[in-house]
Amino acid sequence: MQSRHRVFAEDQLLAQLQGEDDHFDNVPDSLVLIIFNKLADARSLGRCSAVSKRFNALVPLVDDACLRIDRVISTDGADAADDALGVSGGGTRQRGGVFSGLLKTVLLAVLKPFGHCDAGVRSAAHGQGKHAPHHSPAQVLKNFSSIRNLRMELPVSDVGTEDGVLLKWKAVFGSTLQTCVILGGTKLDHAGPHSAAPAAAPAAAEHDASQSQQNQGDGSIPESFYTNGGLKLRVVWTISSLIAAATRHYLLREILKEHPTLERVELTDAHGQGTLCMERPQLKEFTDKPLAAAAAANRTQVPACNMKLRYAPMLELSDGTRIQGATLVVIKPVGETGGICGGRKELDDFVAGAFDGPFREAVAMLSKRRTYLLEMNGF
């Protein structure tokens, strides 16, 4: 039992604390919003909104938000037309037979289409034998009324690749695809700038070196590229990346509808494989034109496109990174003249700045190689 003196002392201290001003209340709302914008994380902001009535009123006014999605749930609808691709060479031979049955294989085996995301539930709830409710990204963001810049991050990359394979892509969408750039390589070696090539495979290194020397002058693709499955692999990368981008774009439809204040949206993944970007002109186009969904699939329809492919058997970058079978693919819809890459210079600038670090240098080196033109039907 507490003594009467202790109870009196606690009551006196409480009265003193209640009588003092809360110095945090003197911080202006504009400064608190700056702090919240730096915080950005949607979950952390949600927790902040539960601290006080003032925070609850300020959190929905933030300009910047970042939402990390915990879980991706697969949905059916991976079927698509087998005749989605047709290829014709610009300066190279016709290779149409390569694509027979290829798109269906990609859709069924390579991709993991997603249609519903759980952004607030972890496996702990399932450990209790209960099914926790699923919250879509739109539900998590519904209380934010003034978002201008939104970044969303998926837990995994969409396109499965083997260890050591390089595959990165960046796409811009309005109501449909505007442009996409893909950087790939059959093997990525992060060796130091002065380290020697591995002794385990001298024959392969010599082959790549000799092949690179043979094609250094004109940047042409060797004949073996067509016969050893090299072209087929690049087609798989291209189709997979486009469908991954179109699926992410479809995921955004509800969010974009409910947040007209958005000026920039970026949807990436934790592995940094692919990035979907939309800025103010693309967001306006998305609002003005109806979204065309692909038949029997939770993704946006990909229009007929022209593709420019550049290839180098081996690239050695200034930091010592080596990329074998380096490939750069730039994709633009047929007849597309507007958007972020409406002109030649805008497209070149977009491609040059699509990736950071050593991959920016790889793009610059590949951009000097011979260009091969391909055509792809919509799907």
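Of the 379 residues of this chain, 42% count as buried. The model is predicted. The chain holds 14 helices and twelve strands. Its exposed surface comes to about 19600 Å², and carbon and sulfur atoms supply 52% of that area. Take the contacts in the chain with a separation of 6 or more: residues 24 or more positions apart account for 75% of them.

**Nonpolar cores**

- The largest nonpolar core has 62 residues. Phe36, Leu177, Leu252 and Ile331 have the most contacts inside this core.
- Helix α10, residues 230-251, gives the largest share of this core, with ten residues.
- A second core is separate and has 22 residues. Leu188, Ile323, Leu328 and Phe350 are included in this second core.
- In soluble globular proteins, nonpolar side chains tend to be buried together.
- What does Ile331 touch, leaving aside neighbours within four places in sequence? The contacts of Ile331 include Leu177, Gln178, Thr179, Cys180 and Ile182. Thr238, Leu242, Cys305, Asn306 and Met307 are also among them.

**Strand β11 and its partners**

- Is strand β11 largely enclosed or open? Eleven of the twelve residues of β11 (residues 322-333) are buried, so the rest of the structure largely encloses this strand.
- Strand β10, residues 305-316, runs antiparallel to β11, and eleven bridges join the two. Tyr311 has Thr327 of β11 as its bridge partner.
- β10 and β11 form a hairpin with five residues between the strands. In this hairpin, Gly320 takes a positive phi near 95°.
- Strand β6, residues 177-185, is also antiparallel to β11, with five bridges between them. Here Val181 is paired with Val330 of β11.
- Strand β7, residues 187-189, pairs with β11 in the antiparallel sense over three bridges. Leu188 stands opposite Ile323 of β11. Both Leu188 and Ile323 belong to the second core.
- In a regular strand the side chains alternate between the two faces of the sheet.

**Parallel pairing around β4**

- Strand β4, residues 149-154, runs parallel to strand β1, residues 64-68, and five bridges join them.
- β4 is also parallel to strand β8, residues 264-269, through six bridges.
- Which residues are the bridge partners of Glu153? Arg68 has Glu153 as its partner in β4. In β8, the partner of Glu153 is Thr268.

**Salt bridges**

- How many salt bridges does a search of the whole structure find? The search finds 15.
- Asp29 is partly exposed, at 39% relative accessibility.
- Lys345 and Asp349 form another salt bridge, at 3.0 Å from N to O. Both lie in helix α13 (residues 344-352); because they are four residues apart, about one helical turn separates them. Lys345 is exposed, with a relative accessible area of 58%. Asp349 is partly exposed, at 43%.
- Glu153 and Arg151 also meet in a salt bridge, at 3.4 Å from N to O. Is Glu153 buried or exposed? Glu153 counts as buried, because its relative accessibility is 16% and the cut-off for buried is under 20%. Arg151 is partly exposed, at 29%.
- Glu153 and Arg151 belong to a network of salt bridges that also links Arg264, Glu266 and Glu279.

- Ala40 has a positive phi of about 65°, although it is not a glycine.
- Where is Ala40? Ala40 lies in the loop between helix α2 (29-39) and helix α3 (42-49).
- Ala40 is buried, with a relative accessible area of 14%.

Key: Residues numbered from 1 in each chain as written. Predicted model: local features only at pLDDT ≥ 70, side-chain atom pairs only at ≥ 80, totals over all residues. Heavy atoms only, no water. Buried < 20%, exposed > 50% of the residue type's maximum accessible area, 1.4 Å probe, protein only. Core = buried A, V, L, I, M, F, W, Y, C linked by side-chain atoms within 4.5 Å. Contact = heavy atoms within 4.5 Å. Pairing = 2+ DSSP bridges. Salt bridge = Lys/Arg side-chain N within 4 Å of Asp/Glu carboxyl O. Areas by Shrake-Rupley, 256 points an atom, 1.4 Å probe, with all protein chains shown as cover.
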